Structures are given as structure tokens and as C-alpha cells.
Amino acid sequence: TWSPSGAALANLIAANPGSLWLIGNEPDRPLVQDDTLPQDSAVAYHDAYTFIKTRDAAARVAAGGIVQPTPLRLQYLDIVLDTYVARYGESLPTDAWSIHAFMLREASCAVYPDGCWGAEIPPGLTATVGVSTPLDLDNTDNLALFQERIVQFRQWMNRRGYRNTPLLVTEYGTLLPLSLIHI
């Protein structure tokens, strides 16, 4: 599902014609954000997109909102896109892609309870670690890695047919594990 929905969302759409709507907030991030299976993310996106566009044809809708553009997250989005095509018979429509560009560890907390700070493993994927493991704290602000990931996401967009679609980086920064923050 999505929130707000129903009459509350319809009222927001009516009050903000032509607005940009970002669908999802880190659906690939368990425990602390949307924590959505990629197949369910495809359905929720479709329903939200259709709901918005039928009420305001001028509205712009952005897909994505993943926590970081890594190969593991791209695998998650591949499942979203493949599910969308299989279920609706067309490519996922979007006016933009929205991502967050954090640099976090990708490790299963069930397998690595002492080293899983960061993004965990996306719901529905069976990996126990991603390529950013063992990302250490010194690399959470690595500008070269940040740029590399943005380029890799744009390359993924091109491969998936979204070459001319805008990319919005709506969140970025350094997120440290709570155990290392001393106030």
C-alpha cells in the first residue's frame, strides 16, 4: 500500500496540480523504512501511479527511492521492473527515477549481527552480503565511490530503457552506526 491514500491523497493531488510525486521511501531497506518485497513494490507503484495520473494528467511521478545505488539494489529494481512487465504488459512508466545515495554496508544482520550497520539486504533477496561489504567508516564519505555509484545507476537506467529519464538524488550524506555516535 502507500500512504496517504484514498480521499486524503486525492485531496492532496487536487490541491497541488502538476506536482512531482515520489513513490516509495527506501522500499529496499528492511526494518527501518518501507521494507517491501520487490514484487509488492511493483504493484504498489502501479496502483499509486495510476491513482495519481487519473486525477491529474499533468502530475509527474518518480520511481525508486532506494537507499543506495549498488548492484544488490539494482537486482532488487530489476525484479520490480520485471514484475511490472509480467503483471501489466508494459514497462514501468515513470517521469523520473529517485534514489538516495548513501554509502552503507550491505550485510544480513541475521548472519553478521556485529557488522550489519547500514542498509541490510533488500527484502526478497537471498544474498547475505553486498559489494559494499566490508565498507568501513572511512569510506562513507568517499566522493569517488559516490560518483561511481551514480554513473553505475545511470548505466543501469540506460540498459533498462530509461536513458532520457531524469535522475533525482533526493538524499545523500554520511550515516554512521549508532554505536559509534558519542553525544
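**Entry 1: Arg160 and its partners**

The model is a predicted one. Asp78 belongs to helix α3 and Arg160 to the loop between α4 and β4 (167–171), so this contact ties together parts that lie 82 residues apart in sequence. I noted Asp78 as partly exposed, at a relative accessible area of 23%. Arg160 is likewise listed as partly exposed, at 27%.

I then found that Arg160 also meets the side chain of Asp82 in a salt bridge of 2.8 Å, N to O. Here too the pair links distant parts of the chain, with Asp82 in helix α3 and Arg160 in the loop between α4 and β4, 78 residues apart. Asp82 counts as partly exposed, with 43% relative accessibility.

**Entry 2: Arg73 and Glu106**

I searched the whole structure for salt bridges and recorded six. One joins the side chains of Glu106 and Arg73 at 2.8 Å, N to O. This pair connects distant parts of the chain: Arg73 sits in helix α3 (residues 71–88) and Glu106 in the loop between β3 and α4, 33 residues apart. I checked burial for both residues. Glu106 is buried, at 0% relative accessibility, and Arg73 is buried, also at 0%.

**Entry 3: A nonpolar patch**

I asked which residues make the nonpolar surface patch of about 230 Å². They are Val111, Tyr112 and Val129. I located Tyr112 in the loop between β3 (96–100) and α4 (143–159). Tyr112 is partly exposed, with a relative accessible area of 37%.

Note on methods
Residues numbered from 1 in each chain as written. Predicted model: local features only at pLDDT ≥ 70, side-chain atom pairs only at ≥ 80, totals over all residues. Heavy atoms only, no water. Patch = residues over 30% accessible without salt bridge, like charges linked within 9 Å, V, L, I, M, F, W, Y side chains within 5 Å. Areas by Shrake-Rupley, 256 points an atom, 1.4 Å probe, with all protein chains shown as cover. Salt bridge = Lys/Arg side-chain N within 4 Å of Asp/Glu carboxyl O. Helix = DSSP H or I, 4+ residues; strand = E, 2+ residues; numbered from the N terminus. Buried < 20%, exposed > 50% of the residue type's maximum accessible area, 1.4 Å probe, protein only.
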